[in-house]
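This briefing sets out selected features of a single structure, grouped by topic. Please read it alongside the sequence and the coordinates.

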Amino acid sequence: MIAEPAVTTPTPPAWRHRHLLDVADLGLDELETVMRTTDAMATVLARPIPKVPTLRGVSVTSIFYEASTRTRVSFEVAAKNLSADIVNIAASSSSVAKGESLVDTVRTIEALGADVLVIRHARSGAPYLAASIFGGHVVNAGDGWHAHPTQALLDLYTLRERLPGADLHGRKIVILGDILHSRVARSNLWTLTATGADLWLCGPATLLRGFEALARALPGDRRLTVTTDLRAALRDADAVMTLRLQQERMAAGLLPSLREYAARYQLTAERLRAARPEALVLHPGPMNEGVEIAPDVATSGRSVITEQVANGVAVRMALLYLLAGGRPAESADAPA
């Protein structure tokens with residue numbers, strides 16, 4: 001009797017990206033890899049001691065040219081949970097305050113031994129410049145109006161985790177508010193339409209400039225609606241993400257007043273009744289309660305805002321692991 005050959009499971013391909021600069025660089029299979037690896041990291045976080053030695057000896061440096069709490073701290077926690085060494089730099093208290101250029105700062109960080117650079121910058125494209133000269137891995141933690149890839153990935157993970165069936169295909173998801181100035185909206189636009197969601201962008205016309213043209217330019221299999229009609233946007237929605245009105249980026253004349261904006265576009269409990277009864281409420285933070293979102297909505301049973309924050313740690317652990325470790329995690333044991 002001739003023995004049949006043993007069946008072997010193919011080894012997953014190595015993660016092919018050296019940097020994470022934009023979610024537009026990720027295909028559907030790679031989005032799935034991030035989600036699967038995040039599941040593994042969430043299992044690690046559920047342990048009594050949520051720490052593994054996976055990135056021991058890896059040096060992570062984060063430098064933030066803009067203020068941040070959630071993103072900066074979650075990257076720090078994520079790195080420590082993977083046993084990496086992490087150094088946090090606030091640009092305001094570094095040599096940047098003395099006029100040091102981004103190029104010189106990145107070269108200095110590399111000379112000091114960093115393997116991974118996490119950077120947030122007010123100028124769109126700054127992480128790309130950093131990646132062009134840094135010898136290790138660069139993670140974009142938000143650049144200007146351009147992109148916030150890790151936020152989009154944690155939003156995707158949160159939606160898939162909380163919506164029944166973990167499938168966004170055909171789900172109506174609304175992003176409401178200051179779309180024009182939002183790197184979060186731009187990154188979510190890519191991931192959500194790529195995964196089959198029926199995405200609606202809603203806000204005042206002055207804060208939607210350019211997005212109708214973008215909607216027309218998207219591939220035909222992607223669903224994007226741009227509207228100023230809040231009632232139509234919220235009707236039968238499965239999830240609503242409100243965005244902070246970014247007063248620090250606001251050009252004069254885009255809005256008559258905060259009061260008028262709140263009167264017309266604030267997400268209130270009454271307006272949310274137009275959505276599905278189980279509709280989720282998200283916000284990337286920080287919130288201006290009483291402006292873009294009513295306090296009772298932000299803390300209601302529909303809100304998954306604190307879950308977004310918690311999921312940010314698992315997602316950023318996954319990304320650090322994929323970039324510095326090089327292989328997708330197949331199970332909770334993979335990072336150990």
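Is Ser182 buried or exposed? The model is a predicted one, and in it Ser182 has a relative accessibility of 2%, so Ser182 counts as buried.

**Surroundings of Ser182**

- Ser182 belongs to the loop that runs between strand 5 and helix 6.
- A polar atom of the Ser182 side chain lies 3.3 Å from the backbone nitrogen of Val184.
- Setting aside neighbours within four places in sequence, the contacts of Ser182 are Trp145, Leu243 and Gln246.

- Five strands form an open sheet in the order 7-6-5-8-9, and their pairing is parallel.
- Strand 7 (223-227) and strand 9 (280-282) are the edge strands; each has a single partner strand, so one side of each lacks a neighbour in the sheet.
- On average, neighbouring strands of this sheet are turned by 20° against each other, with direction ignored.
- Strand 5 (residues 172-176) and strand 8 (residues 239-242) run parallel and are joined by four bridges.
- Val174 has Val240 in strand 8 as its bridge partner.
- Helix 5 (residues 149-162) packs on the sheet and touches strand 5, strand 8 and strand 9. The direction of helix 5 makes about 165° with that of strand 9.

**Helix 3 and its cover**

- Leu102, Thr105, Val106 and Ile109 are buried residues of helix 3 (residues 102-111).
- These residues span an arc of only 95° around the axis, which means that they are on the same side of helix 3.
- Among the elements that cover the buried residues of helix 3 are strand 1 (59-64), strand 2 (85-90), strand 3 (116-121) and helix 4 (126-133).

**Val138 in strand 4**

- Val138 is located in strand 4 (residues 137-143), and it counts as buried because its relative accessibility is 0%.
- Not counting residues up to four places away in sequence, Val138 touches several residues, including Arg18, His19, Leu20 and Leu21, as well as Leu117, Ile119, Pro127, Ala130 and Ala131.
- Val138 and Val116 are 22 residues apart along the chain, and their C-alpha atoms are separated by 5.9 Å.

**Salt bridges**

- Eight salt bridges are found in the whole structure.
- Arg183 and Glu66 form one through their side chains, at 3.0 Å from N to O. Arg183 lies in helix 6 (residues 183-194) and Glu66 in the loop between strand 1 and helix 2 (70-81), so the pair ties together parts 117 residues apart in sequence.
- Arg183 is buried at a relative accessible area of 9%, and Glu66 counts as buried at 17% relative accessibility.
- Glu76 and Lys80 form a salt bridge in which the closest N and O atoms are 3.0 Å apart. These two residues are four residues apart in helix 2, so about one helical turn separates them.
- Lys80 counts as partly exposed, at 42% relative accessibility.
- Asp238 and Arg276 meet through their side chains in a salt bridge of 3.2 Å, N to O. Asp238 is in the loop between helix 8 (230-234) and strand 8, whereas Arg276 is in the loop between helix 10 (269-272) and strand 9; the pair links distant parts of the chain, 38 residues apart.
- Asp238 counts as buried, at 6% relative accessibility, whereas Arg276 is partly exposed, with a relative accessible area of 35%.
- A network of salt bridges links Arg171, Asp238 and Arg276.

**Backbone geometry**

- Most residues other than glycine have a negative phi, and most peptide bonds are trans.
- Ser83, a residue other than glycine, has a positive phi near 70°. Ser83 is placed in the loop between helix 2 and strand 2 and is buried, with a relative accessible area of 16%.
- Asp236 is not a glycine, yet its phi is positive at about 60°. Asp236 lies in the loop between helix 8 and strand 8 and is partly exposed, with a relative accessible area of 43%.
- Gly285 and Pro286 are joined by a cis peptide bond, with omega about -10°. Pro286 is in the loop between strand 9 and helix 11 (295-298).

Note on methods
Residues numbered from 1 in each chain as written. Predicted model: local features only at pLDDT ≥ 70, side-chain atom pairs only at ≥ 80, totals over all residues. Heavy atoms only, no water. Buried < 20%, exposed > 50% of the residue type's maximum accessible area, 1.4 Å probe, protein only. Contact = heavy atoms within 4.5 Å. Pairing = 2+ DSSP bridges. Axes fitted to C-alpha atoms, helices over the stretch in contact; angles between N-to-C directions. Arc of directions from axis to C-beta. Salt bridge = Lys/Arg side-chain N within 4 Å of Asp/Glu carboxyl O. Polar contact = N/O pair within 3.5 Å; in protein donor to acceptor, adjacent residues only side chain to side chain.
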